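Have a look at the model first, then read on.

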Amino acid sequence: MVDLLKEVLGWTSVVLYILLTIFNSMKFTRYAAFASATNDTVWSILMGWWPKVILNLSVNAINTYRYVKDFTKMGKVIVHTLAAIMASAIIYITYVAISAFIAEPTITVALQYLDLAVIVAALYMTSLKNYRMLMLTSGFVGMAGYYGNPQMMIIKALVIIIMSYKLYSTRHQTQEQQLAENH
């Protein structure tokens, strides 16, 4: 039964990832990102992929915070309290996950943590080109870190294809066009 649930959540992850790339509305994108990160959090827990759990909890926390802040009239104190609770939970899970990795390190889990670090670095980029380069790198690192899981291999292949296309199709942009795309 758990194996079937893992398969369903894995293929749902692929579908939600594809949906994320086609939405044009920020509100629908937030809904899809929330659904995707929630699905992936449960799936990652079942698969024992703690770096992916940390990533998806972080994405969910950011999306929840942005949704509450942008689309509701909730008070500032409540919004900041919600953010503090989510951050505390993520820090605790990160501590437990890294402690487990230190106790039993493997190349696969190290690559998963490297993938997490590359994605987090990409999220901090202000240049779309740098973001795309890091996400392209994440595609290859993640492909190695999650090798053997067909759903993650498809997701990482999609990342590689999409980022390669975006980098290739914008290679002749002028500096003004790049600046406009970054904002």
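At what angle do helix α5 (residues 107-123) and helix α6 (residues 128-145) pack, and how far apart are their axes? The angle is about 165 degrees, and the axes sit 9 Å apart. That makes α5 roughly antiparallel to α6, a label used for angles over 145 degrees, while those under 35 count as roughly parallel, 65 to 115 as roughly perpendicular and the rest as oblique. The axes here are lines fitted to C-alpha atoms, over the stretch in contact for helices, and angles run from 0 to 180 degrees between N-to-C directions.

A word on what you're looking at: this is a predicted model, where local features need pLDDT of at least 70 and side-chain atom pairs count only at pLDDT 80 or more, while totals for chains, interfaces and linings use all residues. Residues are numbered from 1 along each chain as its sequence is written, and side-chain values use heavy atoms, with hydrogens and water left out.

**The overall picture**

The protein has 8 helices and 0 strands, so reading along the sequence gives α-α-α-α-α-α-α-α, because helices (H or I, at least four residues) and strands (E, at least two) are DSSP runs, numbered from the N terminus. The C-alpha atoms fill a box of roughly 50 × 45 × 30 Å along the principal axes. With 183 residues, a compact globule would have a radius of gyration near 16 Å, and the protein's 17 Å agrees with that (the radius is taken over C-alpha atoms, and the globule rule is 2.2 Å times the number of residues to the power 0.38).

| Pair | Angle | Axis distance |
|---|---|---|
| α5 and α6 | about 165 degrees | 9 Å apart |
| α3 and α5 | about 20 degrees | 8 Å apart |
| α1 and α7 | roughly 15 degrees | within 9 Å |

Back to α5 and α6: their crossing is left-handed, meaning the near helix is turned anticlockwise from the far one by less than a right angle (clockwise would be right-handed).

Helix α1 (residues 2-22) pairs with helix α7 (residues 150-169), and α1 is roughly parallel to α7. The crossing is left-handed. Contact residues include E7, W11 and Y17 of α1 and P150, I154 and L158 of α7, and the contact divides into 10 nonpolar, 4 polar and 1 charged.

**What the record says**

The unreviewed UniProt entry annotates "transmembrane region" at residues 7-26, 77-101, 107-124 and 153-168; such annotations, given in the numbering used here with feature names shortened, may be inferred rather than shown by experiment. In the model, residues 107-124 are 94% helix and 0% strand, with end C-alpha atoms 26 Å apart. For residues 153-168 the span is 100% helix and 0% strand, and the ends lie 22 Å apart.

Definitions and conventions
Contact means heavy atoms within 4.5 Å. Ala, Val, Leu, Ile, Met, Phe, Trp, Tyr, Cys and Pro count as nonpolar, Asp, Glu, Lys and Arg as charged, and the others, Gly among them, as polar.
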